[in-house]
Amino acid sequence: MMKLTGPRWSLHLWRFTLLCALVLFHNPVVYGNDEISTESQPAEDAELYETPKIDSKRMYFAEHFDDLYKDDTIEKRWVKSKAKKDDAAEEVAKYDGEWAVEQPQRPILANDYGLVLKSKAKHAAIASHLLLNRPFVFEDKPLVVQYEVNLQEGQECGGSYIKLLSVGDGTKDLKQFHDKTPYTIMFGPDKCGNDVKLHFIFRHVNPVNGTITEKHCNKQKDRLDDPFKDKRPHLYQLIIRPDNTYTIRVDHKTVNEGSLLTNFTPAVNPPAEIDDPEDRKPENWDDREKIPDPEATKPDDWNEEEPAQIADPKATKPAGWLDDVEEMVPDSSAVKPADWDNDMDGEWEPPLIPNPLCEKAVGCGLWKPPMVANPNYKGKWRPPLIANVNYQGKWAPRKIPNPDFFEDLTPFRMTPIAAVGFEIWSMSSDILFDNVVICDDEAVADEWAAQTFDLKVKTLDRQAQTLWDRAMRYINYKPGYWGAYFVYCSIPLIAYIWFLWSRRDTEETLVSRVLKYCNSNPWMWAVLIVVVGLPVALMIYFMCFSKADTKAEIGRKKKNDDYPAPEDEVDDLAGSGEMEDGRSSKTKLNAATTGGSSGSRSASSAGEAYAEDEDDQEGDEAEGDDEENEPQEEAQEEMMAAADEDASSSDVPVDSKNSEGAEGLKKRKARRD
């Protein structure tokens, strides 16, 4: 047998490892290259996306950014601010934040682009006029504002809100858009440190004197933390109705709602009466509810000089206590620094260290008994309190009519809107804005969201399965990962085999050498368990449990999506007025987007599809169970047949559930036969 030396095998091993690494890094499918990285491709299981069409008759503003990524054509519809802040230093006063139109860092939909703030710690502002320069006037239709935000790098301090700019001189030249530009509504998320907000601010015009005051919406009950750290797109929607009610939704979920008249600070309408600023509290007004008892006297045995704690009289010094030994002694090994100057630094003294003699002793130094509570301590004497017979109550100034009082019962009628803008400052970069919509119909906004945001959520939910499913999908799509996995598993195994082979003894086998080396070095058993046992355990877990959980989750989703509510439940909900707005709008939206195709899907077809899926999974694995349940199924089939005959002979409508069950029984029986 040819004898192989250690250095020669080491050379071959390193050559093999470098070759595998070069193949993996060279493979553009796995790691990508400059050409692919400039325009990232979305996942192959992404939903089919088409740029939504803008209807200027139904929308006041709509922006998808999909056609603005080429040749930096963002300024075709948007204007970057070149203004300066008035109350800031010169070096930070400029609005020099960098804007770009590009795909997300994690592409979700093909050919989907957004407006990205590339810079951080800089003031940035950009704005655009409404479609056809047609302002939104608050009259008899609601205002619906909707847009997406994706904090791709998370957020620690900064905002990502939108401003609806008011009609006037401030919106004639959007290049001068800055923080003082008049706006009607500011809406969107904001965070700095632990302070998380979802702004909804509107500027109210005083109908008496014309002054403008910012009204801040009260905070929502639930704290919104996920949008600032999950690095996913989120949909923000604000609806303001002519009856002064408002609704705020995040990802189609209502997080805040109320009235413009009662849920804002300061209130829209001032109080009818205010405190008289000229009223003063009388000097003889006694507002003390209780006073010290003037007849009380200090007891004779009350000693105020007694301390709160005293030395324990029962304590004794422990045996072996070293009274003459200091607790800290100079460090004998310390050396005076070479650059020490006695004139400048004073006389050098070595640092003090704990005395080594005290480590084995009970204690060192001067012994003192412990302190205990003084039983004779009473503290400073004070007379007890009694009710004040002259108490007149808490004084308050008298009320007078509010000279600035007004009553505005229609705060919905705000200043008309002429433009849309983002004016923000953030400590995080790569904030992506997308799909900005302003309209007067909730169905229009929901339809736009169904064509954009909802597709992204479906794609992300599909990708967010178990770790095993994601690994298998990437491996199937990118074969180079098989090589990476092979190299990962092979390198430690080959290196260990080579190590044992280089130290082999001709009289011993490989197995005996492994056992001998592990016995002499017990830590090698832990290495073997980690290198071999951990990957095997993880693989068994993901193969045996993760897929079953995924199938169950998919089955639940199919069941929830495909099965409509029973007719009796729908009638009950409709009669009681408890149907949710989100579900009704979603039904309308699905009908509009699918062009009526979804309307042809009946409950029976959904039930058949679901039954067929269950049969495919159970048919091959439960033949024995089917044979045992055959008499029961035949009895059920006869009952269903009898029910069908009765229904056909009468005018009563046939129950769709019974018909579905009969068809399912027939199909299972045919497949079993």
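Here is a short chat about backbone angles and strand pairing.

Mentor: Ground rules: this is a predicted model, where local features need pLDDT of at least 70, side-chain atom pairs count only at pLDDT 80 or more, and totals for chains, interfaces and linings use all residues. Residues are numbered from 1 along each chain as its sequence is written, and side-chain values use heavy atoms, with hydrogens and water left out.

Trainee: Which residues does the cis peptide bond join?

Mentor: Most peptide bonds are trans. Here omega is about -10°. P266 sits in the loop between strand 15 (264-265) and strand 16 (273-275); strands are DSSP runs (E, at least two residues), numbered from the N terminus. The cis bond joins T265 and P266.

Trainee: How many residues lie between strand 13 and strand 14 in their hairpin?

Mentor: Strand 13 (245-250) and strand 14 (253-259) pair in the antiparallel sense over six bridges; pairing takes at least two DSSP bridges between two strands. D251 in the turn has a positive phi of about 55°, and H252, in the loop between these strands, has a positive phi of about 70°. The number of residues between the strands is two.

Trainee: How many residues of strand 13 are buried?

Mentor: Buried means under 20% relative accessible area, exposed over 50%, and partly exposed in between (1.4 Å probe, protein chains only). D251 is partly exposed at 23%, and H252 is partly exposed at 37%. Strand 13, though, is mostly covered, and its buried count is five of six.

Trainee: What is the bridge partner of I240 in strand 13?

Mentor: Strand 12 (residues 233-240) pairs with strand 13 in the antiparallel sense over five bridges. Their hairpin has four residues between the strands, with N244 in the turn at a positive phi of about 70°. The partner of I240 is Y246.
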